[in-house]
Amino acid sequence: MENMPDKKFPLSKDSLEALARRFPTPFYLYDEQAIRANARAINAAFSCFDGFFEHFAVKATPNPAILRILRDEGFGADCSSLMELMLAERAGITGEKVMFTSNETPQAEFRKAAAAGAVINLDDITQLDTLEKALGALSALLSFRYNPGARKLGNAIIGNPLEAKYGLTHEQLFDAFKTARQRGTRRFALHTMVASNELDINYHIETAKLLFQTALEIKSELDIELEFINLGGGVGIPYKPEQNPIAWTALAEGVRRQFDSILVPAGLGNIKLRAEWGRAITGPYGYLISRAIAKKNIYKNYIGLDACMADLMRPALYGAYHHITVAGKEDAPPAETYDVVGGLCENNDKFAIDRRLPAIKTGETDGDLLVIHDAGAHGRAMGFNYNGKLRCGEILLRPSGEAVQIRRPETPEDYFATLI
Ligand SMILES: *Cc1c(COP(=O)(O)O)cnc(C)c1O
């Protein structure tokens with residue numbers, strides 16, 4: 001791995017130092033140009049599907065400035081809570097461009113989703129009653145989240161569908177469509193989400209195939225023709241330098257082949273394709289920037305950052321790998337082995353364990369700046385306040401090179417604001 005080319009970062013050390021003088025570390029930095037290029041590549045790859053539509057999973061990067069960029073590129077939003085619906089609204093993403101995929105949903109959230117005109121995607125057959133109570137009647141358009149159970153093998157993060165809390169069983173799915181039609185729903189859609197961070201395109205193509213076959217069964221058993229099929233999220237990103245990014249064109253072509261062999265011959269070629277990827281949209285284009293402020297040599301060698309797992313939880317939560325580079329030392333030999341840690345009173349507050357890195361200079365003002373890569377999705381979003389840590393801010397690097405703050409860091413006043 002030491003011979004691997006390092007991951008890209010859009011700023012030189014000098015530019016990053018200048019930025020860190022304007023905005024104290026730690027902070028997240030998002031590369032707008034790269035996010036836009038990625039969105040365009042995805043839309044181009046899937047242009048083989050007439051009316052293809054991506055609902056960006058808001059939970060991945062819940063900042064309206066990011067959502068507006070994606071809206072601009074033609075994406076909608078996938079929301080699963082009241083606040084996420086409000087974030088989409090703030091970003092000007094409205095109506096059926098919003099998909100509401102929640103679980104254990106309070107009635108008030110269904111009312112908000114309906115008021116926003118969002119596509120409601122039910123997670124359970126009992127939600128038909130909850131929704132009817134909330135709205136007085138079922139919505140004209142309804143989607144259902146399918147849990148294929150043993151019909152589909154799971155992946156590492158979401159796990160085996162039989163053990164996953166989400167979705168309706170195969171039998172319930174058919175009951176739900178039938179019941180919804182009896183109670184007035186006229187437009188129908190099908191959804192699933194069976195994987196997370198999956199880089200194997202064949203896995204996603206197999207998921208599409210399963211959904212297409214299910215659409216066929218729904219047509220033949222219930223005479224219901226789906227309006228669209230939502231492939232869900234779950235496309236992975238190459239966190240490790242030796243991994244390769246998903247080949248969007250190959251994925252789209254693979255899904256298209258299934259579509260052409262299953263749906264088109266059955267006269268169901270009008271069904272539209274949707275997706276709700278989050279990680280793969282913004283993940284590689286966001287970075288957590290932090291300064292190395294302390295060094296400690298005991299039984300192991302530690303580098304202490306001014307960021308901690310309250311800013312980026314994935315390594316502690318999943319043992320996830322996040323690549324780290326040292327600004328200005330991208331080509332320096334990885335001469336040292338460090339645990340790179342934050343300051344929480346939690347021994348799993350470690351961004352990297354036994355990581356080979358160039359010798360790192362530490363200091364509150366003159367320490368090296370570390371770039372933690374692939375933090376653009378499920379990064380700042382998972383932040384928390386344990387140990388009284390204040391969550392960091394977010395900076396957007398515009399295509400012009402201008403950097404703007406799109407979320408300020410939290411202050412003690414924010415922390416005290418909810419205390420009575
Ligand atoms: C988390 C989630 C997504 C996005 O998942 P990614 O792995 O970020 O692509 C999409 N849909 C639902 C319902 C989710 O829970």
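Let's start at the ligand: one of its oxygen atoms sits 2.9 Å from a polar backbone atom of Gly 278. Keep in mind that this is a predicted model, so please read every distance I mention as computed from that model.

Lys 59 places one 2.7 Å from a ligand oxygen, and Glu 276 places one 2.6 Å from a ligand nitrogen. How much of the ligand's accessible area does the protein cover? On its own the ligand has 390 Å² of accessible area, and the protein covers 91% of that.

Who else is around the ligand? There are 14 residues, and the ones that come nearest are Lys 59, Gly 234, Glu 276, Arg 279 and His 378. If you sort that shell by class, you get three nonpolar, six polar and five charged residues.

Now let's move to the nonpolar cores. The largest one has 100 residues. Which residues have the most contacts inside it? They are Phe 46, Phe 144, Leu 226, Trp 248 and Trp 277. Helix 8, residues 201-222, gives this core its largest share, with nine residues. Both domains take part: domain 1 (13-29 + 285-416) and domain 2 (32-282) each supply at least three residues. There is also a second, separate core of 16 residues, with Phe 9, Leu 16, Leu 369 and Leu 397 among them.

Just after helix 3 comes Gly 74, which takes a positive phi of about 95°.

Last stop, a charged residue in a loop. Find Asp 374 between strand 15 (369-372) and strand 16 (393-397). Is Asp 374 buried or exposed? Its relative accessibility is 3%, and buried means under 20%, so Asp 374 counts as buried. And what does the side chain of Asp 374 make a polar contact with? Its partner is the side chain of Lys 7, at 2.9 Å.

Key: Residues are numbered from 1 along each chain as its sequence is written. This is a predicted model: local features need pLDDT of at least 70, side-chain atom pairs count only at pLDDT 80 or more; totals for chains, interfaces and linings use all residues. Side-chain values use heavy atoms; hydrogens and water are left out. A nonpolar core is a set of buried Ala, Val, Leu, Ile, Met, Phe, Trp, Tyr and Cys residues joined through side-chain atoms within 4.5 Å. Buried means under 20% relative accessible area, exposed over 50%, partly exposed in between (1.4 Å probe, protein chains only). Helices (H or I, at least four residues) and strands (E, at least two) are DSSP runs, numbered from the N terminus. Domain bounds come from an automatic or database domain assignment. A residue is near a molecule or strand if one of its heavy atoms lies within 4 Å of it. A polar contact is a pair of N or O atoms within 3.5 Å; within protein, one must be able to donate a hydrogen and the other to accept it, and residues adjacent in sequence count only if both atoms are side-chain atoms. Accessible areas come from the Shrake-Rupley method with a 1.4 Å probe; for residues, only the protein chains shown count as cover. Ala, Val, Leu, Ile, Met, Phe, Trp, Tyr, Cys and Pro count as nonpolar, Asp, Glu, Lys and Arg as charged, and the others, Gly among them, as polar.
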